[in-house]
Amino acid sequence: MMDLWPTVWVFVLASFIGLGVIRKVSRLLHTPLMSLTNAISAIAVVGAILVTGGDYPLSIRILGAVALFASVTNIVSGFLITDRMLKMFKTDSKPESGR
Amino acid sequence: MFHALSQVAYIAASALFIFALHWMNTPATARKGVYAGVAGTAIAVIVTWAEPSVIHHWWIVGAIALGFVVGVPLSRVPLTAVPQRTALSHAFGGIAAGLVGTAEYYLRLGEGPEWLTPFRMIALIVEIILGYLTFTGSLMAAGKLQEVKWVPQRPVTYAGQNFVNGLLFATAIFLAGILAVNPTAAWAPYVFPVIIVLALAFGVLLIIPIGGADMPTVIAILNAYAGLSAVAMGFVLDSKLLITAGALDGSSGLILAIIMCKAMNRSFTNVLFGAFGQVQQTKAGGEQKQYKSETPEGAAQVLEQASFVVIIPGYGMAVAQAQHKVRELYDQLKKRGVTVKFAIHPVAGRMPGHMNVLLAEADIPYTDLVEMDDINHDIAQADVALVVGANDVVNPAAKTDKSSPIYGMPIIEADKARTIFAIKRSKNPGFAGIDNELYFSDRTWMLFGDAKAVIGDLVKELSGGSGMH
């Protein structure tokens, strides 16, 4: 029970940081924002690695491996599609002649 | 020693995640944000993998490889399908949290029941309930967005629906409560799966009454759930990195959901329990009003004379695959020195920010994409407002008609422009089944036809006529 309160602290402070930072995100980028935060929260992958790789019964490790697969899918597709979308945001695509 | 090293690495990863989101505040630095996110994830994965307790390396390699095999194609979907992909990724995040929680419970039950303190049990049960309900709920949302046959598109409602859902949820909470205080009782391993099943069912029931128009909000809410399930996992595993990343994801989902709700003048509870589909039958049979229609030739002449044009795109533009034609029109007008801005309503498209991405793909500079509040300041100066595939977001009834189902919703005030052209496929009312007064204004001319074809005609008129004037 001793280590309970520090984690709650972390959660509350991280939420405030999150609200502060996200509020400033450009409205243009809300779709990439969602895929980026999705990839970031797939950091749950660390839990899946510990369960999959540990010296545990087979059934436990199978659950872990499926979770690991799902998390890695989110990491890979999340970061790749975010970058793909962000690449499309340009100030002026081709040098315009008329002005 | 390893412990200290890994803690430093996790702190670095958390910091990188915060920077990643910070750099999303402008498109100029946004890609740096992706690299920061990748770096943070890579550090955390390597350090965790190096834990002495991790011994089955080939299992990890196999699962990661499979994740790449599925993840890479998923990142290449067309941009119109990004909402489905996003919903699917919330489902993946949910199931990962649910499965890890399930594994942890049975593992500790067998190997060290004293680990299952009431606090950890509560966190663990929150993790699995949120995880599994996000899984099925997001799958339903993805199915609705993808228009999969066996997922009903229309909101499914029945009498006592909220009661049934409430009862189901209350049962799950009750079972969760008794399990949290008796995690090692003889019956506990059998109650646990019951909670899982209830959470899975609840996810489905939560989404079926919600209609297509509310999907942007629902995706954002599911995003918040997925983030919170990661937070709960962080509490179970005592991982501050997970708590931080989950809290960032959760607050992002929350903020986006609030923005979406505000943009539709709805409340959370109204979206989740209100079933938008029901309000449609209001005044279907009013008096028949008269449209004025215009030809592409005539519209092109007006556009040519304009100095400031505002284009208001809606999802109908994307459905008609007209965004590249819109870009050609934009080029033609720019060539003539016309100022062209795009007015973006927050709920234009099928997820937050969707319309910006669709227009960016068509190579339209993001500096010409203007938010609703900003464009409403300037729209009275516009010579032409061109409405492409949008309907409810320009309906003045939202400001004037108290009986309208969309009353109170903030709109793009196209009706203030000097001339309004609205491209519309047919003379039927729009998505929410509501007549749009804008179309009957004396300054509005309708351009009937497929958006892609009509814009194509406008482009042809403008480019053909360029030498003759």
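In the predicted model, B:I311 stands opposite B:L386 of strand β4(B). Strands here are DSSP runs of E of at least two residues, helices are runs of H or I of at least four, and both are numbered from the N terminus. The pairing of strand β1 (residues 308-313) with strand β4 (residues 384-388) of chain B is parallel and spans five bridges. Two strands count as paired if DSSP finds at least two bridges between them. B:P313 has B:V388 in β4(B) as its bridge partner. Five bridges also join β4(B) to strand β5 (residues 419-424) of chain B, again in parallel. There, B:A385 has B:I420 in β5(B) as its bridge partner.

Strand β4(B) is largely enclosed by the rest of the structure, because five of its five residues are buried. A residue is buried if 20 or more other C-beta atoms lie within 10 Å of its own, exposed if 12 or fewer do, and partly exposed in between; the C-beta atoms are placed from the backbone. In a regular strand, side chains alternate between the two faces of the sheet. In β4(B), B:V384, B:L386 and B:V388 point one way, while B:A385 and B:V387 point the other way. All of these residues are buried.

Axes are lines fitted to C-alpha atoms, for helices over the stretch in contact, and angles run from 0 to 180 degrees between N-to-C directions.

Residues are numbered from 1 along each chain as its sequence is written, and chains are lettered from A and ligands numbered from 1 in the order in which they are written. As the model is predicted, local features need pLDDT of at least 70 and side-chain atom pairs count only at pLDDT 80 or more, while totals for chains, interfaces and linings use all residues.

Chain B has 17 helices and six strands. The C-alpha trace spans about 85 × 50 × 35 Å along its principal axes. Of the 469 residues in chain B, 53% are buried. Two residues are in contact if their C-beta atoms, placed from the backbone, lie within 7 Å. Of the contacts in chain B between residues at least 6 apart in sequence, 79% join residues at least 24 apart.

Helix packing was examined next. Helix α1 (residues 2-22) and helix α2 (residues 27-49) of chain B pack at about 160 degrees, with axes 8 Å apart. The two are therefore roughly antiparallel. That label applies to angles over 145 degrees; under 35 is roughly parallel, 65 to 115 roughly perpendicular, and the rest oblique. The crossing of α1(B) and α2(B) is left-handed. A crossing is left-handed if the near helix is turned anticlockwise from the far one by less than a right angle, and right-handed if clockwise. Residues of α1(B) in this contact include B:A9, B:L16 and B:F17; those of α2(B) include B:G33, B:G37 and B:G40. By class, the contact has 14 nonpolar, four polar and no charged residues. Nonpolar covers Ala, Val, Leu, Ile, Met, Phe, Trp, Tyr, Cys and Pro; charged covers Asp, Glu, Lys and Arg; the others, Gly among them, are polar.

Helices α4 (residues 82-111) and α5 (residues 118-146) of chain B pack at about 155 degrees, with axes 7 Å apart. They too are therefore roughly antiparallel. Their crossing is left-handed. The contact comprises 16 nonpolar, 11 polar and two charged residues.

At the chain interface, 97 residues of chain B are in contact with 81 residues of chain A. Helix α4(B) gives the most to the chain B side, with 16 residues. That side divides into 55 nonpolar, 31 polar and 11 charged residues.

B:A224 is found in helix α8 (residues 215-237) of chain B. This residue is buried, with 22 other C-beta atoms within 10 Å. B:A224 and B:D249 are 25 residues apart in sequence, yet 6.4 Å apart in space, C-alpha to C-alpha. Leaving out residues up to four places away in sequence, B:A224 touches B:G250, B:G253, B:L254 and B:A257.
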